[in-house]
Amino acid sequence: MGMANLAMLTGNLGFNGCGVNPLRGQNNVQGSCDMGSFPHEFPGYRPVSDDLTRLSFENDWGLRLDNEPGYRIPNMFNEAVKGSFKGMYIQGEDVAQSDPDIHHVEAALRNLDCLVVQDLFLNETAKYAHVFLPGTSFLEKNGTFTNAERRLGRVRPAIKPRTGKHEWQITMEIAQAMGYPMHYDDSSQIMDEIARLTPTFAGVSFDKLDRDGSLQWPCNDEAPNGTPIMHIDKFVRGLGAFEITEFIPTEEKVTPKFPLLLTTGRILSQYNVGAQTRRTENNVWHPEDILEIHPYDAAERGIKNGDLIMLKSRKGETSLHALLSERMQPGVVYTTFHMPFSGANIVTTEYSDWATNCPEYKVTAVQCSLTDHISEWQQHFLDYQAKQTKPLLQSS
Amino acid sequence: MSLEKDLDYGTPESLCQELISLEIDGHQVVVPEGTSIMRAAKQLGTSIPKLCATDSLEAFGSCRLCLVEIEGRRGTPASCTTPVEAGMIVHTQTQKLAKLRKGVMELYISDHPLDCLTCSANGDCELQDMAGTVGLRDVRYGYQGDNHLNATRDNSNPYFSFDPSKCIVCSRCVRACDEVQGTFALTISKRGFESHVSAGIEDSFLDSECVSCGACVQACPTATLMEKTVIEHGVPEHSIETTCAYCGVGCTFNAEMKGDQVVRMVPAKSGKANEGHACVKGRFAWGYASHKERILKPMLRSSIDDPWREVSWEEAIQFTAKKFRELQQEYGRKAIGGISSSRATNEEVFVVQKLVRAAFENNNIDTCARVCHSPTGFGLNKTLGTSAGTQDFISVESADVILLIGANPTDAHPVFASRMKKRLREGAQIIVVDPRRIDLVESPHIKAAAHLAILPGTNVALINAFAHIIVEEDLVDWDYVNHRCDKDLFENWLAFIKREQNSPSYVAKVLGVEAETLRKAARLYARAERAAIYYGLGVTAHS
Ligand code: SF4
Ligand code: SF4
Ligand code: SF4
Ligand code: FES
């Protein structure tokens, strides 16, 4: 909001060369939000409580829909721990790795009677799953992704699904088996339904995408060729709204016991939790996560380049190798968390961490010291990993 | 190089509005001022032989293959570096030119290992094409004399190899690294016969500054820089246009295939997000799709302590559906839910939320992405009315000042970063707000106007301080605010922003950045003709 205030204040919205733009993390963050992955919103960011919107979905889908918002992820976990939430279908996200409170998430997932994981690899979450449904890589998919500039691009299959099924087919067949008659012959019909039910996508179809290459939403009667720049003559909401943005300092404070601030980021060659990139040659550039520490802070602790150090916060500890670096000012340390073994969720404090793509927004007070062993959690991780994947790899 | 012979006009498009008319080989053509003769000819369908020119790079004029004759001018100028002029009469095919071109090609070929039939680029090599085009059949110089045929190969990069014995020193790789990628990792060392391409000061590719984007490999007209997968599988046979599945840039690629095997991923020039460029992830890191740990069969187990058991799709789906319904019967409609993925396609996500709403009959659907993106999305929605970025990527090429907050595009959104760097090299200025000195603060040919190394978690204070300074120093665009914004809300906000707690001297302590530095940066943003904000995940809820 503050950034939009700043841009309005200086007249920097609605023209080429200006604007306020998020650089999204995962390839389809924009798309998955647009498509209504929200407990309170239908596709196109329209509240489930809005009667007219709900009615349009009810008419199209042929049944009455719940008008009350559902659970967010943290609620699902809380309810699971309490014992009232029992089954989950998780499409391609490694939630077990994104929750900082490993004990909480473990307790929640363990408490489920039916956890269904759909992914390419046995991820951390799959350790608690009862059903594993193999997913497809982008080389096998047929559909669209929406990038950070609202651009829908076609994903076309280079090869057939190696699993024998498209992911939308899996979901469709579960719905059918549960007694709801969902049917599509191919994914273009899903896009047709999206267009039919979502005003900002009304003008989108595979045919048009194949013709025009790509389209930026909103794409409808008012903007048949899509919208490269938004808010040109007026804002979508009409008049721009200056919103008050009070700065609330973080509660995480440095103390003599935890005198350093940890900030996290990502590196070019690896991608998020590295489930894909770790399984390629990209590891030559980044075989492990490294802790960058200012030479001043390092000297105080007797840390040299390449030393194994224990990174400790109020929450937990993990070991990493050190790199002396002047990229940060003294007092701030930095690392990437691309490797599950690094255990980001052990050290950092807020829910929804870096695996969900918000690596830098939280602040964690930490301490670093030389060590000669990996942390207890890391040992536990290695043991569990070995136990889970061994029988599988043997059988294949 | 790429299989899809995307039309190559030889030199970049001219954006000039003035049109110029000229004659090439007896045909009239009208092109924008600043267009090269080579490009104008291509527009008529005439391909002038060329080696060092390609339309993603500025013309260089080193290979001397693209010579033409112009009536009323002496000599044979290079068509890639000669701009069109009104009324010009150009000849691209004459006996004199044919002879000259053949001579040039002979020189190249005499220092080239003639193993075309077994070369990995056979059929995909511009040197080979050109030899054919100029009608070269045999080589007068033979292999006598000095040559580079014994130069050693550099295989250090995991994805491409560098075989200098095949290099024609056209410098396309060097220019691709500079102009397209903006890394400046390559140089042509030494001069004359000794001249050669090197990564850094004679490093191997792996040890150099190279970030393995592959732009040089794509630009190389020979087999000197070559994807290892092409060496392994051979030249691809067909291709399919698709979108990268790694980051939010969403680059368009041609997946080049041989049967069912992906041989290479080549970024498509037609892709509006990337215009022919890519990064190491999208171009090279797709091998995970066939990694041995990938699971291809559905699996079940009754307890998480049991080993997995492979089952049929039918069994897995029936089991899931039955179990879910039973759980709902026992624990209620709301006892089950789903999470959709921000890596899945729009269609896949749509059906998951539909499954939850229509088959589970509740709204227990969420995505991990929302947890960190919803605050910013929410913010933009509230102020402007839409939860999404306001611009297309190309917009940054018109920005005069860029305010970059908590984002590290050279690592996380590399292809967009290359675009940004290009704009910075053209003279735009950048203010970097980040606790860490990221590459955009200082790297070859880039120097940020300011690096505000704020303490982690203080973005909001910084943004408020910027606004405070702009108000205090009356740098406000009043016309814009009065016409386009809600007056009451603005007045309300104005009272808030003027508070002492948002003043630079107060905020400076919170941020760990000096007040005067803040002032300078805020002025730079406010005074720019066109100023753009790009922010990353490092930005908190209220910013
Ligand atoms: S791969 Fe990219 S960064 Fe490396 S040398 Fe080639 S163009 Fe430069
Ligand atoms: S490596 Fe390729 S692109 Fe570079 S100078 Fe040699 S032939 Fe030209
Ligand atoms: S920048 Fe790289 S990772 Fe992102 S979409 Fe393009 S090729 Fe893929
Ligand atoms: S193509 Fe014009 S000089 Fe090489």
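B:Cys116 is partly exposed, with a relative accessible area of 29%; buried means under 20% relative accessible area, exposed over 50%, and partly exposed in between, with a 1.4 Å probe and protein chains only. A:Cys114 counts as buried because its relative accessibility is 0%.

This is a predicted model, in which local features need pLDDT of at least 70 and side-chain atom pairs count only at pLDDT 80 or more, while totals for chains, interfaces and linings use all residues. Residues are numbered from 1 along each chain as its sequence is written, chains are lettered from A and ligands numbered from 1 in the order in which they are written, and side-chain values use heavy atoms, with hydrogens and water left out.

Over all chains, the structure holds zero disulfides, a disulfide being a pair of cysteine sulfur atoms within 2.5 Å. B:Cys116 is in no disulfide, and the nearest cysteine sulfur, that of B:Cys125, is 6.5 Å away.

**Strands of chain A**

Helices (H or I, at least four residues) and strands (E, at least two) are DSSP runs, numbered from the N terminus. Two strands pair if DSSP finds at least two bridges between them. Strands of a sheet pair through backbone hydrogen bonds, either parallel or antiparallel.

In chain A, an open sheet of three strands has the order E7-E8-E9, with antiparallel pairing. Its edge strands, E7 (143–146) and E9 (214–216), each pair on one side only. From one strand to the next, the twist averages 30 degrees.

| Pair | Bridges | Residue and partner |
|---|---|---|
| E12 (308–313) and E15 | five | A:Ser313 and A:Val366 |

Helix H9 (residues 346–359) of chain B lies across E7 and E8 of chain A and runs at about 95 degrees to E7(A). Axes are lines fitted to C-alpha atoms, for helices over the stretch in contact (heavy atoms within 4.5 Å), and angles run from 0 to 180 degrees between N-to-C directions.

**Ligand 3**

The residues that surround ligand 3 include B:Cys244, B:Cys247, B:Cys251, B:Cys279, B:Tyr246, B:Phe253 and B:Lys281. Helix H7 (280–284) and helix H12 (414–425) of chain B are the elements that give two or more residues to this shell. A residue is near a molecule if one of its heavy atoms lies within 4 Å of it. The shell divides into nine nonpolar residues, two polar and one charged. Here Ala, Val, Leu, Ile, Met, Phe, Trp, Tyr, Cys and Pro count as nonpolar, Asp, Glu, Lys and Arg as charged, and the others, Gly among them, as polar.
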